[in-house]
Amino acid sequence: MVTIHDRQILAKAWGSLTQFEVSHPRRDGTRQTVTREVYDHGNGASVLLYDPETDRVVLTRQFRLPAHLNGDDGHLIEACAGLLDGDDAETCARREAEEETGYRPSSLTFLFDVYMSPGSLTEKCACFIGNYSPGDRVNGGGGLDHEGEDIEVLELDFEAAYAMIGSGEIVDAKTILMLQWLKLNRQR
């Protein structure tokens, strides 16, 4: 049984950063008490848009401050994604696809839930493949100005996008996982 002994909110803005003191059982039967900081901004959903007729995917490129602070370019290539904001995961995936890429997927297939960084973040991301065709474009995409989004839409041949994992051009975990799923399953 996990026991929370103390919790202190260290920061609260877009999300909350809380320090916890917890004790939990160890595999050897003893108990361990640790102090951990946890950041919570809610759960999210992501969708990799795929056109099976042309074997193309739609990805996005946008600035990510944490990647920049870690010494990388900061302009990451990713599948579109966003926070649930009170919606279910499928509704969020559809909304984010349209806002960020301009495409309204004709169908969504749920793939898996994934914790992106379970040692410090509560966020769980629901991942989907969304089928699209050129006729499913309803606007130019690019994100929402009032949310500070400035998103470049990239439409790529699947194999070119997949190769970007090995070249280091795609380093976003959820995108790598969905591209890998598609590599293994797109012929079915």
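Predicted model: local features only at pLDDT ≥ 70, side-chain atom pairs only at ≥ 80, totals over all residues.
Figure 1. Asp55 sits in the loop that joins E4 and E5. The phi angle of Asp55 is positive, about 60°, although Asp55 is not a glycine.

**Figure 2. Asp85 in the loop between E7 and H2.** Asp85 also has a positive phi without being a glycine, here about 50°. The residue is placed in the loop between E7 and H2. Its relative accessibility is 61%, so Asp85 counts as exposed; the cut-off for that class is over 50%.

**Figure 3. Asp28 in the loop between E2 and E3.** Strand E2 covers residues 16-25 and strand E3 covers residues 31-40, with Asp28 in the loop between them. Asp28 has a relative accessibility of 56% and therefore counts as exposed. How far from His5 is Asp28 in sequence and in space? The two residues are 23 positions apart in sequence, and their C-alpha atoms are 22 Å apart.

Figure 4. Thr60 is part of strand E5. Is Thr60 buried or exposed? With a relative accessibility of 1%, Thr60 counts as buried. Leaving out residues up to four places away in sequence, Thr60 touches Leu76, Ile77, Glu78, Ala79 and Cys80, and also Glu100, Thr101, Ile151, Glu152 and Leu154.

Figure 5. Helix H2 runs from residue 89 to residue 101 and has 13 residues. From its first C-alpha to its last, H2 reaches 17 Å, close to the 18 Å expected at 1.5 Å a residue.

**Figure 6. Helix H4 and its buried side.** Helix H4 spans residues 173-185, which gives 13 residues. The distance from its first C-alpha to its last is 18 Å, close to the 18 Å expected at 1.5 Å a residue. The buried residues in H4 include Lys174, Thr175, Met178, Leu179, Leu182 and Asn185. They lie on the same side of H4 because they cover an arc of only 140° around the axis.

**Figure 7. The whole chain, for orientation.** The protein chain contains four helices and 10 strands. Starting at the N terminus, the order of elements is β-β-β-β-β-α-β-β-α-β-β-β-α-α. The C-alpha trace spans about 55 × 40 × 35 Å along its principal axes. Of the 188 residues in the chain, 37% are buried. Among contacts with a separation of 6 or more, 56% join residues 24 or more positions apart.

**Figure 8. Surface and charged side chains.** The protein chain exposes about 10,600 Å², and carbon and sulfur atoms supply 50% of this area. How many positive and negative side chains does the chain have? There are 18 positive and 32 negative side chains. The centres of the two sets lie 7 Å apart.

Terms used. Residues numbered from 1 in each chain as written. Heavy atoms only, no water. Helix = DSSP H or I, 4+ residues; strand = E, 2+ residues; numbered from the N terminus. Buried < 20%, exposed > 50% of the residue type's maximum accessible area, 1.4 Å probe, protein only. Contact = heavy atoms within 4.5 Å. Areas by Shrake-Rupley, 256 points an atom, 1.4 Å probe, with all protein chains shown as cover. Lys, Arg positive; Asp, Glu negative; His and termini not counted. Charge placed at Lys NZ, Arg CZ, Asp CG, Glu CD. Expected span 1.5 Å × (residues − 1). Arc of directions from axis to C-beta.
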